[in-house]
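Let's take a walk through a protein model together. Have the viewer ready and follow along as we go.

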Amino acid sequence: MGAHLAVVWPRPLGGTEAWTDAVRLRQVVAQLLDRPSAAIDLTVEPAVTGDILGRDRIEAALWLPHGAIPTEACRRMVLRGHGVGVWTGVLEDPWGPQGRAYSFGPQALEAHSQCVRRGCGPQQASAAAAARHLVQHHRVPLAGPRAGLARWRDGEQRARLLLGGKDVALRRLAALLSGVRVDTGLSVFWREWASDPGRVHGAIADRYGHEPLIVRSCADGEDGWERSGAGAFASVPVPAPAQPEAVARAVGEVFASYGRGGPEARVLVQRWLNPVQAAGVVTTRTLAGAPYYTATVDLVSGRTDTVTSGCGKGVQTWYVRRAAASCGSGPVRADRLPAAVAQLLEAAVETEACAGTSRLDVEVALADGAAHLLQARPLAAVRTTDDDAVEHVLEVAARHVERLALRRASRLGDAPVVLSNMADWNPAEMLGRRPSPLAVSLYRILITDRTWAVQRAEYGYRDLRGIPLLHQVAGSPYIDATASLTSFIPAGVEEPLAQAVLTAMAERLADDPTAHDKVEFEIAATCWTPRVGQRTAYLAGAGIGSAARRRLAEHLLFVTRRGIDRLPADAAAMDRTGWPTIADARPETLKATLATARTAAVRFAHLARAAFVATDLLRAIHDEGLGELGPAWMRGLGTVTAVLQHDAARTASGHLAWEEFVARYRWMRPGTYDLTVPAYGDDPDGYLRPLLTVPAAPSTDVVAPWTAGHTEAVARAVAPLSVDATGLEAFCRAAITGRERGKAAYAAWVSAVLEAVAARGSVRGIDRESMRHLHIGEVLAVHPGRWPGLIARRRARAQVCALAELPDVITGVSDLDCFARGLGRTNFVGTGKASGPVHTVPTPACPPPPGAVIVLEAADPGYDWIFAHHPAALVTAYGGANSHMAIRCAELGIPAAIGTGPALHASCVAARRLAVDAGGSRVDVLS
């Protein structure tokens, strides 16, 4: 049967411009018009209408100017109109009057035939002249000029025509893609399915036989530009051999998932790729609109649905900066990506080029060595961003990383640069990934500019005063992990050995960046333990002999003995610091309050170091098979939080006045350095009153982390420390509880500093959100008249920096261009298991229900109020084995997954129910 529609593409007048997209353009227009078509490419445009309009079996004709494609409005007129239509561009008329499109319906064609038979009118005329003649002399109806054309080379216009539902988009893109396979599938309409399912089964069998199939949703509005219904409807696989009964159940299930649908509702039947080598979802921008390709890929399961369903284990998300995507050996950074990920990403890049838009969500799979396009839809509601501004921020960050290596060489030698957001003083946990300028400046002045180095030097490690520990990269805080590792080398170690040890540690961290939040337990030996030999054995691979390792162990033993001896004095010094009063939060006392906070920081840092030593010793005792009572012992430590619970119980029983209870804990605040988060004293009913219903923790009779039968073995194990088992338990108890008390006191002074900052802003009519954009030095020394300008500039920069995606570990400039966020190596607390509904971002106004699994990015002591609501389990993206929440959950016997990493954390946030099995080291998405 011949074509019903003639589509004519005259070359531009002059005929010199190459039309490289001609073949693909014809195929796409045929898909857009959805009719059998005869494609006609004319060498010149005039003097041919008679030959074309007079062809047999032509029911309509469309003249398109060079490089134009019809919109939906034009398509409807071509297929349903009877007369002549004149079409211009959607946004403008780029072709001018000589380049408009002309459509000829049945009435126009009949009039033309009569004209030919009678010999009247121009027989060899341009489309414009023929249209004019038919309208003026034969009274053929005229529609237009109307907007109905899009420019092929205008990507956004083209994309809005190509991406129109799952099945339609695949058919249209299939005509364009050369390096990607596309199964265009079979669209099944409800009206066809309801009236003649046998015919539908026949069509499916004719196309696919008994191959495995998948029935996928294709609902109206599922893949729109402003709203996405991704994941809202069912997709049902049918294993081979695909029998009619199984296909019918799958089709019915997908239609049922729509809820309501008319006769034009449809589903898409395709060949089911199972198994696959890799599958994932690639977006050509982040969901915030930032200029990165993001590829969330499953390289493990062999399934195509694990990423979209959120049930995948071992799923990784790769970020490739768009500006750097063309570097390397191919369209993407193939030199920095696994081969399968690179191939999937290349498929998405080709799909993006054909679709025309940089706002694309592409589902792809790798099977039989070839990339398969499963879906392409608009990235719904992604806002427009200033890509140049983001690139500028990243270029500045790259220069900072390059300069850092040069500046520190004189102090740290040739050890590689390793920046981590969770090493040492773990800024991602304490500040967040994108903290405010005020928070960062406080952290620097209180901890990472000097305090960290002072503490290490006084403890017996190398003196690194003068080297800052924290650096900001595109607004995000990072610890100089190489400096941190250097600071844990005992001061007595000779320089050649120190340099060799440092290089070995830094290289090990660079090779295994997942250990960046565990450097003090897996990379660096920071103290002596009974297993120090095993801890430092890997140094042999760096050429460090056994004698040198023994010398290193002897120096670590000296530092550890010294730390044990000084703990009582450090704890007494912390107690002398005291707690702030209301007077310390006044605007005029800010400088003095900040000075006290700095004093508290050094004293707390000593207690924190002692707690790390204690934790490392307890881990070693456990690894020796001697610490089987560790969890029960931890529950009976009596930390600050346990005291809070005890005070709440006394308040509930009337033995402590409510006002006194509030006064004791008024300075606690979730987000220690966040000025905008209310302290407990600002909302005592929300934070503290629920605690009155929680009974005090029962006392425990477990007096040591080991049984009485292991006491002598423990004493022998730690004999080099000149303590017995009782002395070791006393030190560990005092160190861990002292660290928790010291952290609470230090956090209280930070809270008082924040309140004084807020008070200074209030005097000038500046709110807390605005004041957080100032550095603490500016609050102290810059004239308040300059604050509004600084705030405006910082706020604008923060908006740009928020778009910059960064890795957790940076080892070089290239890490800013291409990196993965995978599953972190989670610190599981306890041996219990629990499941429950997910609750994120708890606040006193929206507390978690009892039995919830609370999911947080990070949690400091200010989040202790959540335990009044009886959570089943806790999950955090950031946090270490020795973090406050790890200690707290161990104390309460709550199973926890601390420091899951961003990828697993994102899956947990998106889940409705989670199961946390601490003993089995698992976090499972239940729904």
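Which residues in α16 meet which residues in α29? On the α16 side they are L438, L442, L446 and I447, and on the α29 side Y746, V750, V753, L754 and V757. "Meeting" here is a contact, with heavy atoms within 4.5 Å. Helices are DSSP runs of H or I with at least four residues, strands are runs of E with at least two, and both are numbered from the N terminus. By class, this contact has nine nonpolar, no polar and no charged residues. Ala, Val, Leu, Ile, Met, Phe, Trp, Tyr, Cys and Pro count as nonpolar, Asp, Glu, Lys and Arg as charged, and the others, Gly among them, as polar.

Before going on, a word about what you're looking at. This is a predicted model, where local features need pLDDT of at least 70 and side-chain atom pairs count only at pLDDT 80 or more, while totals for chains, interfaces and linings use all residues. Residues are numbered from 1 along each chain as its sequence is written, and side-chain values use heavy atoms, leaving out hydrogens and water.

Now zoom out. The protein chain has 34 helices and 29 strands. Of its 927 residues, 57% are buried, where buried means under 20% relative accessible area, exposed over 50%, and partly exposed in between (1.4 Å probe, protein chains only). Take the contacts between residues at least 6 apart in sequence: 70% of them join residues at least 24 apart.

Back to the helices. Two packed helices are described by the angle between their axes and the distance between the axes. For α16 (residues 437–448) and α29, the axes come within 12 Å and cross at roughly 135 degrees. That makes α16 oblique to α29. The axes are lines fitted to C-alpha atoms, for helices over the stretch in contact, with angles from 0 to 180 degrees between N-to-C directions.

Helix α29 (residues 725–763) also crosses α22 (residues 546–577), with axes that come within 10 Å and an angle of roughly 30 degrees. These two are therefore roughly parallel: angles under 35 degrees count as roughly parallel, over 145 as roughly antiparallel, 65 to 115 as roughly perpendicular and the rest as oblique. The residues in this contact include I564 and L567 of α22 and A734 and W749 of α29. By class, the contact of α22 with α29 has nine nonpolar, three polar and no charged residues.

Next, find L774, in the loop between α30 (768–771) and α31 (776–781). Is L774 buried or exposed? It counts as buried, because its relative accessibility is 0%. L774 and L438 are 336 residues apart in sequence, but their C-alpha atoms are 5.3 Å apart in space. Leaving aside residues up to four places away in sequence, L774 touches P437, L438 and S441, among others.

Most residues other than glycine have a negative phi, and most peptide bonds are trans. A cis peptide bond joins A240 and P241, with omega about -5 degrees, and another joins N274 and P275, with omega about 0 degrees. V841, not a glycine, has a positive phi of about 50 degrees. V841 sits in the loop between β24 (833–840) and β25 (853–856) and is exposed, at 62% relative accessible area. H870 has a positive phi too, about 55 degrees, and is partly exposed at 41%.
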